[in-house]
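Here's a quick tour of how some strands line up in this protein, plus a look at one of its pockets. Have the picture open as you read.

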Amino acid sequence: MKYITGKYGWLLAIACWLLAVSCSSDSSGEQQRSTGSPLQVVPYIAAYQSNDALSRRAVSDGYSAYIPNQDVAIGLYLLPEETPSVKTLRYTSGAWHSQTTVANNTDYTIYGFMPKKDPISSSITQNAGNVVLTLSNVDAVSPDDICFITGVDDLVGDLLQGQFGYKGKSDENYIRLLMDHLFASVKFNFTVDTDYSKLRTIKLKSLKLTTSSAPMTATITLTPNTTDAYPATVEFISQGGESTPATFFESTEGEQIPTTTTSFVCCFAPSASSTLSLVTIYDVYDSKGNLIRKNCEATNKLPDLEAQRGWQVTLNLKVAPTYLYQLSEPDLDNPTITIN
């Protein structure tokens, strides 16, 4: 497997979701059902790695519980259905909730995406043995690691990334999911120049990734197979208009940039890699802790990142004045941010 260092680095980042429980609805919304067979999702790990089939292989993480650190939702289609509709598995208030039910001894294939949130909408069709999952209104930049997912057949022995399937049971309804990244990502490593930090403190208030690329429709063609061949092809089509900027960090008080490294990650469509800009808002304090400049803004046009789906690019950014050893007050109060 090919690994890239230096400018390119990998974030072994994203784990799949666990424990979605059948429930009923009442006036307060979704409510966990006290009886009946639970529908659970076994976690798998996908990594930001090279864009070849082996890097997408499902790796078992057992039946251990996965508890998200924030509210999340995934959308699933269970086929066959005459009129497929997306089902929501939602983690809120410390528990999984779902309106999804499964029939005992019924064979399903399962497809979906996450996170399930506005403005993305979805549809699914079947054509000549393939399943086409369409995601519309997908902004070209996103703070979320958008993934498409498939159910992987629960077989004895190795699990095959192309072998989709699930049989409903009267108990222990575990669904194994294989995830894949729809986007690439960029990791920003911020540092402050050591000499400059003796005179000024920089606190980040906001980080925003912008692009001139339009929102897109993502067409994902999934081809089940028993040969362990990579089962998906993805096509992006521009819908026109403007993508919403992706705010991937915000802090009212601000987070101090150290002389070591603090890191932040945002995702983007590969087709947008040459049109990205980073907008940084920050406060400047003097050596005594007095706020001397508030809500300063710096915009950096990023180099063409040339990234593919599932890749992560690392950019190193340093905050420093224009003249490091002969500091003038404008240089002190209006530091530049440079990208290496």
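Two strands count as a pair if DSSP finds at least two bridges between them. By that rule, S17 and S22 are a pair, joined by eleven bridges and running antiparallel. Keep in mind that this is a predicted model. In general, strands of a sheet pair through backbone hydrogen bonds, in either a parallel or an antiparallel way.

**The sheet around S17 and S22**

- This is an open sheet of four strands, and reading across you get S20-S17-S22-S23, with antiparallel pairing.
- Why do S20 (246-256) and S23 (291-301) each have a side without a neighbour in the sheet? They stand at the edges with a single partner strand each, so there's nothing beside them on one side in the sheet.
- Going from one strand to the next, the twist averages 15 degrees.
- S17 covers residues 200-211, and it's mostly covered up: nine of its twelve residues are buried.
- Look for serine 277, which sits opposite lysine 301 in S23.

**The sheet that starts with S10**

- Here's another open sheet of four strands, in the order S10-S11-S18-S19, again with antiparallel pairing.
- S10 (121-127) and S19 (232-238) are the edge strands; each has a single partner strand, so one side of each has no neighbour in the sheet.
- On average, neighbouring strands of this sheet are turned by 20 degrees against each other, ignoring direction.
- How many bridges join S10 to S11? There are seven, and the two strands run antiparallel, with S11 spanning residues 130-138.
- To spot one of these contacts, find isoleucine 124, whose bridge partner in S11 is leucine 133.

**The second largest pocket**

- About 200 Å³ of space lies in this pocket.
- It's lined by 16 residues, and the closest to the pocket's centre are Asp118, Pro119, Asp139, Ser142 and Asp144.
- Which elements give two or more residues to the lining? They are S11 and strand S12 (141-142).
- Sorted by class, the lining has nine nonpolar residues, three polar ones and four charged ones.

Definitions and conventions: Residues numbered from 1 in each chain as written. Predicted model: local features only at pLDDT ≥ 70, side-chain atom pairs only at ≥ 80, totals over all residues. Heavy atoms only, no water. Axes fitted to C-alpha atoms, helices over the stretch in contact; angles between N-to-C directions. Buried < 20%, exposed > 50% of the residue type's maximum accessible area, 1.4 Å probe, protein only. 1 Å grid on protein atoms, 1.4 Å probe; cavity = no way out; pocket = protein on both sides within 12 Å on 5 of 7 lines; lining within 4 Å. Points joined across faces, edges and corners; volume = space filled by probe spheres on them. Nonpolar A, V, L, I, M, F, W, Y, C, P; charged D, E, K, R; others polar.
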